[in-house]
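Keep the picture open while you read.

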Amino acid sequence: MTKRIFRSVLLTALAVFLACLALVMGALYSYFSARQEKQLGTELRLAAAGVEAEGADYLARVGRQDGLRLTWVDADGTVLYDSNADAATMENHAGREEIAEALETGSGEGSRVSATLSEKTVYLAQRLSDGTVIRAAASHYTVPTLLFGILQPLLIIIILALALSAFLASRLSKRIVGPLNSIDLDHPLENDTYDELSPLLTRVERQQRQIRSQLEELGRRRREFEAVTGSMSEGLILLDRDGGILSINPAASKLFGASGDCVGQDILTVDRSPELRAVISRAHAGARAEAAIERMGLEYQLTASPVSGGGAVLLIFDVTERRRAERIRREFTANVSHELKTPLHSIMGAAELLETGLVKPGDEAQFYARIRSEASRLLALIEDVIGLSRLDEGEDFPTEETDLHELACEVAAQLGPEAQKRGISLEVEGGPAKLTGVRRLLWEVVWNLADNAVKYGSEGGHVLITTDSAQGRARLKVKDDGPGIPPEHQPRVFERFYRVDKSHSRQTGGTGLGLSIVKHAVQYHGGGISLYSDGGGTEITVELPQDFERK
Amino acid sequence: MRQRFDGQLAALNRELISMGALCEEAIAVTARSVLEADRQLCGRVSALEEEIDQKEREIERVCLRLLLQQQPVAGDLRQISAALKMITDMERIGDQALDIAETAGFMGSLDEADAELFRRLARTVVAMVTDSVDAYVKRDSAAARAVAKRDDEADEVFQAIKLAMIDRLSQRPGDGEYALDLLMIAKYLERIGDHATNIAEWVEFAATGYYKGREVL
């Protein structure tokens, strides 16, 4: 800024200075030249009159005069006299412009610049009555010579102008810039500066307001985004076009074990598994890609989608539960068909034998009994499957006031003969455990647990059913003293068709769905099951809320 | 200008990490090919090795161009020169993984005891490579030094395999091919461990300027 001001000030000063110089020089030079010429004319006329009257004597008398040179030339151009030089040595002057003119017209004039260009000589000539010519000449300095003469003061003036311009420029720029520098841009309108700045300041103020509101808006959006992604159980990662992380939600950073400051870094610094790299490169190429990864024993599905503009979105779902459910469903279907087939084969076989008459007369009753019992097994199985699928569907069942103690007594009476057969003593203890629930489902719970205890308890053993209620929860405990369930099987006994000892299923006649039904029925009521089992028996405890409310 | 340079350095970093990831994958697949005696996996290792070679040339070019055009100093110079050295070791890891897979192609499955030893060696070496790349990712010189310590463990298991093979040969001289193949494989793995140590040393150099305990830059 200072430089520019300096330049303009200096330029102005020099321009004005030079213009003045040229004007003054031009005006004075032409004035003095005109004056000199006039004077020269007078001198010439005087000399001419003198020579006419006195001849060469006049000239000799006048002699050499300062600033004036007189030359007398004969009609043929021979120099007769010259005030400044020896006439004899001078060449013929007939060819000179002014003399030639004077010889012809009576008077002539001319001007010549000296060889060095430093002087200009003006000549005037006049023809005398005898035909000779008298010439007067005067010389003066040319403009460049004059300028050269005043060079020193000129330079001094220019240097002065330079210094003055520099000083003025720095002062001016300080004056201009000073207030600009001291402007408080945070509060533009509270500044006291010159008026020319106020449009700028109002604009700054307006833009600042705009920026503030935009920042607030951005902050709000970010908080919203973070609130949404933060509460997601799925992992979400946003990537820029180079694979740098723009945003990562807590679920994703927990999954990949990323630290909090990984935003802005490359995704590869967080995880560089082949699957992840593959889906990201596919997404960057503009295609959706999926992959399955395993982390900390859980299965995840990774989905990468390209975003217009070159980035990518990574979504990570926990699919452990889904995969497990799929596996269970597959197993269930396979199991159901198998379990349905076995009794049907039995029935088919017996029926075929009867049909072809291969059965000894008198033994038919045995085969009819087999067909009946297998058919009833099939029916029980189908009923269990239907019951389970109704529970799976989440169907609503009518609820009523039920007492687990009553149910337990009922079941114990029904299971009495069976228990007696195996020499097991079946007892019911405890007080009333009333709750609002689906009576049929609760009966299934009690029946299946007690039935299992009787079936799997050791012969001649003891099965104890205890019921009580406390703190809004009804509790049912079924305890046997059988061989127990080995620890590795315990987590799976509630799965459908899961059997601890596969070879015994025929013998005990269970469907393999009992405990699964128990689990679902308890879940339906919002209760919980706990299983404790060791070599000395199994104890299953069911806890149900007394005020059941179907959600 | 500096911003552009930073972008180029970040790209170099990214390439280096993905090359490290390729190495990890190659060793993991190789180890599986030995343990499962699966010849199909050899093809995958060979594809990975090719990719690693390509990455090496790519990174080399980027490094040289950066050195030439940006004339980096201090930390930047350390990072680029360390990268140049690291890719050589990574490339060797890829080669050796392929060598192992090729040798394994002619072998049957391992005996249970040998498989256990081999598994231990493979686990150690894979962990060393993973740790060295992790150390690079996190610019963690302490983690880099820890990699070098694990090398002793790898050497120890290699010795155990060697002794087992000597023992085997003295008892069943007919098993010469098996013993030599397994020994070669174990040696290759052990060499991969050495390369991982080298990488870790360069990581420490990139982070601190000290190489093998001496200040270099």
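## Helix H9 of chain A

In H9(A), the buried residues are A:Val336, A:Glu339, A:Pro343 and A:Ala350. Buried here means that 20 or more other C-beta atoms, placed from the backbone, lie within 10 Å of the residue's own. Part of what covers them is helix H10 (364-393) of chain A. Helices (H or I, at least four residues) and strands (E, at least two) are DSSP runs, numbered from the N terminus.

H9(A) covers residues 320-356, 37 residues in total, and reaches 53 Å from its first C-alpha to its last. That is close to the expected 54 Å, where the expected span is 1.5 Å times one less than the number of residues.

## A word on the model

This is a predicted model, where local features need pLDDT of at least 70 and side-chain atom pairs count only at pLDDT 80 or more, while totals for chains, interfaces and linings use all residues. Residues are numbered from 1 along each chain as its sequence is written, and chains are lettered from A and ligands numbered from 1 in the order in which they are written.

## Helix H1 and the rest of chain A

H1(A) runs over residues 2-54 and spans 75 Å, close to the 78 Å expected for its 53 residues. Its buried residues are A:Ile5, A:Leu44, A:Ala47, A:Ala48 and A:Val51. They pack against several elements of chain A, including helix H2 (56-62), strand S1 (69-73) and helix H5 (151-181). Just past H1(A), A:Gly55 has a positive phi of about 75 degrees.

Zooming out, chain A has 14 helices and 17 strands, and 24% of its 551 residues are buried.

## Two helices in chain B

How do H4 (112-138) and H5 (141-171) of chain B cross? Their axes (lines fitted to C-alpha atoms over the stretch in contact, with angles from 0 to 180 degrees between N-to-C directions) come within 9 Å and cross at roughly 165 degrees. That makes H4(B) roughly antiparallel to H5(B), a label for angles over 145 degrees.

## Where the chains meet

Chain B gives eight residues to the contact and chain A gives seven; two residues are in contact if their C-beta atoms, placed from the backbone, lie within 7 Å. On the chain B side, the largest share, seven residues, comes from helix H1 (residues 2-35) of chain B.

Technical notes
Angles under 35 degrees count as roughly parallel, over 145 as roughly antiparallel, 65 to 115 as roughly perpendicular and the rest as oblique. A residue is buried if 20 or more other C-beta atoms lie within 10 Å of its own, exposed if 12 or fewer, and partly exposed in between; C-beta atoms are placed from the backbone.
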